[in-house]
Amino acid sequence: MFTYAFELARAANSPRLCFISTGTGDRQASIDSFYAAFDGTEVRTSHLSLFEEPNVPDVAGHLRSQDVIWVDRGSVINLLAVWRAHELPDILRDCWQAGIVIGGESAGSLCWHSCTMADSYGGIRGIADGLGFIPYANAVHYNEDQRRAAFHQLIAPDTVGYATDTGAGLHYENDVLVTAIADRSHAGAYRVTLSAERKVLEEPMTVLRLKRSKGG
């Protein structure tokens, strides 16, 4: 996934990559694993922590200097709350509109969409206050637990949803879906809508299969 992101950023040789792990509470083990994954490569790594205070003096300047910003898994509810307290949504929107590639896994996918599913409250439920950079509903880990059924309940007649199995992702340019990608052989992606008769329509998407590389 990272190699794909670096290619999109046109920074394949020595990309600048910033890791944000707010959803885990800036867990040190996650940050250490990130640096270890790119040890010995040409990737210029950094991270942004917000607990207990930002670890860089100029958050906006640091993020705007990156080629790729990658958001870790964790609690999307907590992530959104902390980001909003630090005015990060406006900074990230500026980065996105400037052409910096932004992405992530699990919570790092959910956060960019208008409405999502989350298990941050202890059970799977829909939330409607995502950042809204991408005007669609989103579900991740679609092939696990009861997420497929829960996502079907979230879809309204005027809503388009995109769901991905573990190991799959979505590539948008601005707010237009370009393709689904995956680094696992059986990971799928799906377009989910509701018909006028309120019947759920789930369409499997063509998935571009990526080769796995160091860093994921």
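Leaving aside residues up to four places away in sequence, Thr 159 touches Cys 115, Ala 137, Val 192 and Thr 193, where contact means heavy atoms within 4.5 Å. The model is a predicted one, in which local features need pLDDT of at least 70 and side-chain atom pairs count only at pLDDT 80 or more, while totals for chains, interfaces and linings use all residues. Residues are numbered from 1 along each chain as its sequence is written, and side-chain values use heavy atoms, with hydrogens and water left out. Thr 159 sits in the loop between helix H7 (147–154) and strand S8 (161–164). With a relative accessible area of 18%, Thr 159 is buried, the term standing for under 20% relative accessible area with a 1.4 Å probe and protein chains only.

Turning to the whole chain, seven helices and 13 strands are present; these are DSSP runs numbered from the N terminus, with helices (H or I) of at least four residues and strands (E) of at least two. The radius of gyration is 17 Å, close to the 17 Å that the globule rule gives for 216 residues, so the chain is as compact as a globular protein of that length. Here the radius is taken over C-alpha atoms, and the rule is 2.2 Å times the number of residues to the power 0.38. Along the principal axes, the C-alpha atoms fill a box of roughly 55 × 35 × 30 Å.

Of the 216 residues in the chain, 52% are buried. Among contacts with a separation of 6 or more, 62% come from residues 24 or more positions apart.

Terms used:
Buried < 20%, exposed > 50% of the residue type's maximum accessible area, 1.4 Å probe, protein only.
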